[in-house]
There are 2 protein chains.
Amino acid sequence: MKLNTKSRYAVMALADMSKFPINNPVSLRDISLRQSISLFYLEQIFLKLKQNDIVKSVRGTNGGYVLKRDPKNIKLSEIFQALDQKVKTVGCKKDSKKGCNGKSAKCITHELWDELEIYINNFFENKKLSDLSLTRGNN
Amino acid sequence: MKLNTKSRYAVMALADMSKFPINNPVSLRDISLRQSISLFYLEQIFLKLKQNDIVKSVRGTNGGYVLKRDPKNIKLSEIFQALDQKVKTVGCKKDSKKGCNGKSAKCITHELWDELEIYINNFFENKKLSDLSLTRGNN
DNA sequence: TATATACCCGACTAAAATAGTCAAGTATTC
DNA sequence: GAATACTTGACTATTTTAGTCGGGTATATA
């Protein structure tokens with residue numbers, strides 16, 4: 001059970017941005033340097049964030065990215081969704097007509113995994129970008 | 001964020017076993033057939049479960065595996081630990097003297113991931129094998 | 001208007017993890 | 001002694017992850 005770097009970096013980068021005045025474009029280059037994340041990788045990540053209406057871009061010199069909404073209104077679940085990061089506890093598709101192992105019924109532990117999935121998603125659903133405590137001690 | 005098949009199958013197999021009278025050896029072959037899990041794979045899984053004192057083995061004809069404790073006393077967290085399945089939300093090692101990105105401080109979102117890790121582990125810690133509702137409807 | 005900055009975006013790749021297979025055993029019961 | 005079933009380490013194909021790269025386009029500023 002592991003969180004991938006893409007979502008992790010996405011949250012890190014957005015947290016970084018949220019420390020600056022809103023409407024002030026923050027360049028990926030700066031984020032890259034401050035957070036030690038590859039610039040190329042950040043580009044990939046921000047493409048998704050943009051497509052999902054979490055940030056908007058400002059092109060050209062002094063450009064960068066800007067949070068599209070107040071950090072209070074950005075749920076972590078949105079960020080994860082943007083990066084196709086799903087919490088998957090079962091191999092079997094929930095909405096499939098067939099059961100889990102090619103059998104007719106649900107697998108014996110199906111309900112447990114569903115429960116776990118809901119439990120974890122709940123965490124992300126209730127956490128906002130603004131909830132991260134960004135003290136000066138942490139960069 | 002994905003659960004691997006090894007832990008999932010482990011819980012499935014143990015749930016399967018817990019439906020039978022305790023002290024009645026259940027063979028991997030039977031579990032394999034009922035739950036559609038490869039016998040070879042189950043062997044690998046049960047090796048770990050045995051090493052971690054969750055099941056004990058009975059060799060020979062009519063042998064199999066037996067739960068070493070009452071399902072009420074088997075926490076899911078134990079099963080996961082047995083299979084080296086850890087909940088990992090950060091790349092950086094917690095106990096390392098260095099910070100997360102080779103920097104001196106913790107990464108900006110470190111506390112968040114710690115919190116998530118604790119949150120998820122909490123789920124497994126509080127869930128017992130006996131908590132799985134094994135109705136006849138599910139196999 | 002030239003130039004540097006910074007976003008845009010698809011294609012590519014190395015490395016690691018996962019999922020599963022296999023073989024050659026040993027112990028036990030019937 | 002034959003069949004059943006656990007024992008254990010080694011091996012492998014596939015998938016996923018993490019990250020790189022190249023060749024763009026848009027815009028501000030000097």
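Visitor: What covers the buried residues of H3(B)?

Guide: In this predicted model, the cover over the buried residues of H3(B) includes H1, H2, S1, S2 and helix H4 (76-82), which belong to chain B.

Visitor: And which residues of H3(B) are buried?

Guide: They are Leu42(B), Ile45(B), Phe46(B) and Leu49(B), and because they cover an arc of only 100° around the axis, they sit on the same side of H3(B). An α-helix has 3.6 residues a turn, so residues three or four places apart point the same way.

Visitor: Which residues are exposed on the other side of H3(B)?

Guide: Phe40(B) and Gln51(B) are exposed there. Phe40(B) also takes part in a contact at the start of the helix, where its backbone nitrogen has a side-chain oxygen of Ser38(B) within 3.2 Å.

Visitor: What span should H3(B) have, and how far apart are its end C-alpha atoms?

Guide: With 13 residues, and at 1.5 Å a residue, H3(B) should span 18 Å, and the end C-alpha atoms are 18 Å apart, which agrees.

Visitor: What follows H3(B)?

Guide: Asp53(B) follows, with a positive phi near 65°, although Asp53(B) is not a glycine. Most residues other than glycine have a negative phi. Asp53(B) lies in the loop between H3 and S1 of chain B and is partly exposed, its relative accessible area being 41%.

Visitor: Switching to helix H2 of chain B, which of its residues are buried?

Guide: In H2(B), which runs over residues 28-35, the buried residues are Leu28(B), Ile31(B), Ser32(B) and Gln35(B). Seen down the axis of H2(B), these residues fall within an arc of 105°, so they line one face of the helix. Arg29(B) and Leu33(B), on the other side, are exposed.

Visitor: What covers the buried residues of H2(B)?

Guide: The cover includes helix H1 (5-17), H3 and S2 of chain B. Just after H2(B) comes Ser36(B), which takes a positive phi of about 55°.

Visitor: Now chain A: where is Ser36(A), and what is its phi?

Guide: Ser36(A) is in the loop between helix H2 (28-35) and H3 of chain A, and its phi is near 55°, a positive value in a residue other than glycine. With a relative accessible area of 38%, Ser36(A) counts as partly exposed.

Visitor: How many helices and strands does chain A have?

Guide: Chain A has five helices and two strands, and along the sequence they follow the pattern α-α-α-β-β-α-α. Of its 139 residues, 45% count as buried, and among contacts in chain A between residues at least 6 apart in sequence, 66% join residues at least 24 apart.

Visitor: I'm also looking at Val90(A); is it buried or exposed?

Guide: Val90(A) counts as buried, because its relative accessibility is 5%, where the cut-off for buried is under 20%. The residue is found in the loop between helix H4 (76-82) and helix H5 (110-126) of chain A.

Visitor: What is Val90(A) in contact with, apart from its neighbours within four places in sequence?

Guide: Leaving those neighbours aside, Val90(A) is in contact with Trp113(A), Glu117(A) and Arg8(B). From Val90(A) to Trp113(A) the separation is 23 residues in sequence and 6.5 Å in space, C-alpha to C-alpha.

Visitor: How far is Thr5(A) from a phosphate oxygen of DNA strand D?

Guide: A backbone N or O atom of Thr5(A) lies 3.0 Å from such an oxygen. The elements that give two or more residues to the surface near DNA strand D are helix H1 (5-17) and helix H3 (39-51) of chain A, together with helix H3 (39-51), strand S1 (55-58) and strand S2 (64-67) of chain B.

Visitor: Which element gives the most?

Guide: H3(B) gives the most to the surface near DNA strand D, with four residues.

Methods:
Residues are numbered from 1 along each chain as its sequence is written. Chains are lettered from A and ligands numbered from 1 in the order in which they are written. This is a predicted model: local features need pLDDT of at least 70, side-chain atom pairs count only at pLDDT 80 or more; totals for chains, interfaces and linings use all residues. Side-chain values use heavy atoms; hydrogens and water are left out. A polar contact is a pair of N or O atoms within 3.5 Å; within protein, one must be able to donate a hydrogen and the other to accept it, and residues adjacent in sequence count only if both atoms are side-chain atoms. Buried means under 20% relative accessible area, exposed over 50%, partly exposed in between (1.4 Å probe, protein chains only). The arc is that of the directions from the helix axis to the C-beta atoms. Contact means heavy atoms within 4.5 Å. The expected span of a helix is 1.5 Å times one less than its number of residues.
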